[in-house]
Amino acid sequence: MTRIVAIGEAMVELAPAGGPDMYRAGFAGDTLNTAWYLRKLMPASDQIAYFTAVGRDAMSDKMLGFINAAGLATDHIDRRDDSSVGLYMISLTDGERSFTYWRGQSAARRMLDSDAPLRAALQGADVAYLSGITLAILPEPDRARLLDVLRDFRSAGGKVVFDPNLRPRLWPDTTAMTRAVMRAASVTDIVLPSFEDEAGWFGDLTPYATASRYRDAGVDIVVVKNGPDQILVATPDLSCTVAPTLIADVVDTTAAGDSFNAGFLARYFQDGNLEQACMAGARIAGQVIQQIGALVEVSMTDPKRR
Ligand code: ADP
């Protein structure tokens, strides 16, 4: 049995629901998306847990209910009296989506003000999964605490998987972001960056440059996603590329990277075959971008090819 703990922030999402000033409430967040897809794709005997903090109000109850109903373990989600969950609203102007956030005071931002809850959640786990957004929402001392816990987790045999998911808007400046990301890389076993972001904020000229930077920081396996272009895998023993099947009718790229990560990991944990894992990641992401919304039905075998 494999036990995975995804660490991050789930938020309330208010999405346009047809009429003027009509919105539908849902729940989303990059690490939650990946955990949600992992639960769909991994054998039922494996356990996928979500680690975050929520409040004690009705919306926090609803969020916990949603995470539970998705089949994710919620036993280590901290419930706090002092804050609630974050919220974002999607606005549509001439078909273009823009986002407004209310997350500055969210409970998740305080989930590492002590290391005990995360240490308890990682007890007996095989894999910890986090993203650059997990890092971004934490105050600096708590971010350092998180990395200390992950360092200890690795010393005890656990593996850390990290998607840098660079979001400069969440950071005071880009130097703070790139520094924190490379610090996290130093406690990471598998990193899953997206080339467009890495090129933009680290100035990488090619996916190979991205791979080298993370390999030099000590990451064992680097998988560089690149939209419709080839995925690059670099390890100490191998460097290869895998081409995703081109999707002509892309309708919504939300959660492409998050779902790729889940498909990749679910296949990787079967037998460690990296090429097959990239193909599985691309297959899942390919299905996601042909549907509207972050969380949609997917299958490990491409439904169009069955
Ligand atoms: P992110 O959503 O994190 O920016 P990418 O845009 O790199 O990530 O996309 C993640 C994965 O989604 C890619 O590696 C690829 O497998 C798949 N993907 C994205 N766009 C396309 C596309 N137009 N055609 C086929 N696959 C795509």
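Guide: Happy to! Please keep in mind that this is a predicted model. Let's look at helix α7, which covers residues 195-202, and helix α8, which covers residues 207-216. Their axes are 10 Å apart and cross at an angle of about 75 degrees. Angles from 65 to 115 degrees count as roughly perpendicular, and α7 and α8 are therefore placed in that class.

Now for the side of each helix that takes part. From α7, the contact uses Phe195, Glu198 and Phe202. From α8, Pro207, Thr210, Arg213 and Tyr214 join in.

Phenylalanine 202 belongs to the α7 side of the contact, while arginine 213 belongs to the α8 side. The charged end of arginine 213 also sits over the ring of tyrosine 214, 4.5 Å from the centre of that ring. Tyrosine 214 is another of the α8 residues in the contact.

If rings interest you, a search of the whole structure finds eight aromatic pairs. One of them joins tyrosine 88 and phenylalanine 99, with 6.0 Å centre to centre and 45 degrees between the planes, a tilted arrangement. Tyrosine 88 lies in strand β7 and phenylalanine 99 in strand β8, so this pair ties together parts that are eleven residues apart in sequence. Tyrosine 88 is buried at 9% relative accessibility, whereas phenylalanine 99 is partly exposed at 33%.

Conventions: Residues numbered from 1 in each chain as written. Predicted model: local features only at pLDDT ≥ 70, side-chain atom pairs only at ≥ 80, totals over all residues. Heavy atoms only, no water. Phe/Tyr/Trp six-rings, centres within 6.5 Å; stacked < 30°, edge-to-face > 60°. Helix = DSSP H or I, 4+ residues; strand = E, 2+ residues; numbered from the N terminus. Buried < 20%, exposed > 50% of the residue type's maximum accessible area, 1.4 Å probe, protein only. Lys NZ or Arg CZ within 6 Å of the ring centre and 35° of its normal. Axes fitted to C-alpha atoms, helices over the stretch in contact; angles between N-to-C directions. Parallel < 35°, antiparallel > 145°, perpendicular 65-115°, else oblique. Contact = heavy atoms within 4.5 Å.
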